[in-house]
Amino acid sequence: MGLKGIFLLLICLLLLCIAFAIPATFSPRVYYPLDSLKQATSLKPKIHFETRFYPQLLDHFTFTPKSSKIFYQKYLINEEYWRNGAPIFVYTGNEGDIEWFAANTGFLPDIAPEFHALLVFIEHRFYGESTPFGNDSYNSAETLGYLTSQQALADYAVLIRSLKQNLSSEASPVVVFGGSYGGMLAAWFRLKYPHITIGALASSAPILHFDNIVPWSSFYDAVSQDFKDASLNCFEVIKGSWTELQQEFSEEGLAELSKTFRTCKNLHSVSSVQDWLWSAFVYTSMVNYPTEANFMRPLPAYPVQEMCKIIDAFAPETSKLNKAFAAASLYYNYSHGEKCFNVENGPDLHGLSGWNWQACTEMVMPMTCSNQSMFPPSKFDYEEFATDCKKKYGVSPRPHWITTEYGGERIEEVLKRFGSNIIFSNGMQDPWSRGGVLRNISTSIVALVTEKGAHHVDFRSATKDDPDWLVEQRRQEVEIIHQWINEHYADMKQDKKFM
């Protein structure tokens, strides 16, 4: 899988430093860490996709001379199971190379034969190979100004309409799928373009993580709860490790830290070690899958529990920092291929600037750490955040734009009046779930919530080792999608009666 210059974090992943949150020196993206994309370059989709490029408009919303500029948007397509008139399943791409998302969304190839579905994965503008200005796409606000969720949704709408016309299959119902930020896009696409898609499956989509809809400490409280549920001692060790780390400020202390953390190069700051540990615990919580996986990195089944087993196995007198390092090493070196750790100055593979731009403009999702979390307490300082964005990009954030454009406040009251056919799936072990829709809004806008599920685990390929609750979650999703499609065909048949 080729990565042009860059989730992930993505993000990537997530992912990776998201500018909106300033709880400490590290902040998660909505998706995937940048270095995870590099780790996953060997992953390939479970079925063959043909790669195509669509001539896409730069700006769908103005008629200035520059708006008519064309860039080539990458998408992947598989017609193996499709027959004319059958459904089209579209994945609304996230902040990263679309091939990586296709490789990690086995759910669609798994169910495509049952629906005779055409599969389409569309890459998000400014990510992967879909860069409107090539290598200059991230140079300034003049180019990055065309990177918005609204433009991305319009890209998907235009491409889908063109594809259906070219296939002479206007009758084919379209269902959109997306995970995390892609899940947000899928849900918003259904709301903004109901004439193009009959329904959306939004997995792990934190569409309520804006303004003051959910507590700002929700994300890190959830991460902390995952570790506390696995082991109270594990939680306390990690909570106490930050104090020990801050005691290592001297040059002599950094040299000792370099040895302790087996760094490839001598450390220059304590904050980089904090970021390294922080990201390991956060992303392991996100991908606490019930089976072995290689999503962000190779990890065992239920890796949070495995981390805590490592910590709990140490003698009580061992330093908390050494225990924390050993646990984090599971995330970075489960496959035992790393002789040392590149803690500082990791490679920027491409796309980091893209997500940071989104976070500094419309995707403002404040985060804090409460006293109950296992991370050092912190607050969100909007003025400081806005100043940093202005300094970096020359633009000011619009913290209320997402809720203005797509809603979110009083979502149950609002959506039950005009929305339909959306599945919001969440697993409560995923820290992003606390910003998701966790209750049914109507008979056709449903929340499928699992106690043990992690970050869009339902989108992963089915395996023989999947627990019963995951099998049942996917079964319900398929059943609901069948219902949408059957209703679509029934409506078309009824309409023809009266023509």
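**Exercise 1.** Find how far apart the sulfur atoms of Cys264 and Cys340 are, and decide whether their disulfide is right-handed or left-handed.

*Solution.*
Step 1. A disulfide is taken as a pair of cysteine sulfur atoms within 2.5 Å. The sulfur atoms of Cys264 and Cys340 are 2.0 Å apart, and the two residues form a disulfide.
Step 2. The torsion about the S-S bond of this pair is about 95 degrees, so the disulfide is right-handed.
Step 3. Cys264 sits in the loop between α9 (251-260) and α10 (270-286), and Cys340 in the loop between α12 (320-333) and α13 (352-361), so the pair ties together parts that are 76 residues apart in sequence. Helices here are DSSP runs of H or I with at least four residues, strands are runs of E with at least two, and both are numbered from the N terminus.
Step 4. Cys264 has a relative accessible area of 37% and is partly exposed. Cys340, at 29%, also counts as partly exposed. The classes are buried (under 20% relative accessible area), exposed (over 50%) and partly exposed (in between), with a 1.4 Å probe and protein chains only.

The model is predicted: local features need pLDDT of at least 70, side-chain atom pairs count only at pLDDT 80 or more, and totals for chains, interfaces and linings use all residues. Residues are numbered from 1 along each chain as its sequence is written, and side-chain values use heavy atoms, with hydrogens and water left out.

**Exercise 2.** Describe the disulfide of Cys234 and Cys308 by sulfur distance, handedness and burial.

*Solution.*
Step 1. The sulfur atoms of Cys234 and Cys308 are 2.2 Å apart.
Step 2. The angle about the S-S bond is -70 degrees, and the link is left-handed.
Step 3. Cys234 belongs to helix α8 (residues 232-246) and Cys308 to helix α11 (residues 303-312), so the pair ties together parts that are 74 residues apart in sequence.
Step 4. Cys234 and Cys308 are buried.

**Exercise 3.** Describe the disulfide of Cys360 and Cys389, then state how many disulfides there are and what pattern they follow.

*Solution.*
Step 1. Cys360 is joined to Cys389 with an S to S distance of 2.0 Å.
Step 2. At -80 degrees about the S-S bond, the link of Cys360 and Cys389 is left-handed.
Step 3. Cys360 is in helix α13 and Cys389 in helix α14, so to speak distant parts of the chain, 29 residues apart.
Step 4. Cys360 and Cys389 are both buried.
Step 5. The count under the distance rule is 3 disulfides. With bonded cysteines counted along the chain, the pattern is 1-3, 2-4, 5-6.
Step 6. One further cysteine entry concerns accessibility: Cys369, at 4% relative accessibility, counts as buried.

**Exercise 4.** Name the residues of the patch of negative charge and those of the nonpolar surface patch.

*Solution.*
Step 1. Patches consist of residues with over 30% relative accessible area and no salt bridge; like charges are joined within 9 Å, and nonpolar side chains (Val, Leu, Ile, Met, Phe, Trp, Tyr) within 5 Å. A salt bridge is a side-chain nitrogen of Lys or Arg within 4 Å of a carboxyl oxygen of Asp or Glu. Asp and Glu count as negative, Lys and Arg as positive, and His and the chain ends are not counted.
Step 2. The patch of negative charge on the surface gathers Asp381, Glu383, Glu384 and Asp388. Glu383 lies in helix α14 (residues 382-393) and counts as exposed at 57% relative accessibility.
Step 3. The nonpolar surface patch, about 370 Å², is made by Phe53, Leu57, Ile70 and Tyr72. Strands β1 (50-57) and β2 (70-78) are the elements that give two or more residues to it. Ile70 lies in strand β2 and is partly exposed, with a relative accessible area of 36%.

**Exercise 5.** Compare the places and accessibility of Ser168 and Asn421, each of which has a positive phi.

*Solution.*
Step 1. Ser168 is not a glycine, yet its phi is positive, about 55 degrees. Asn421, not a glycine either, has a positive phi of about 55 degrees.
Step 2. Ser168 is in the loop between α5 (149-166) and β5 (174-179). Asn421 is in the loop between α16 (411-418) and β9 (422-427).
Step 3. Ser168 is exposed, with a relative accessible area of 59%, whereas Asn421 counts as buried at 12%.

Definitions and conventions
Accessible areas come from the Shrake-Rupley method with a 1.4 Å probe; for residues, only the protein chains shown count as cover. The place of a charge is taken as NZ of Lys, CZ of Arg, CG of Asp or CD of Glu.
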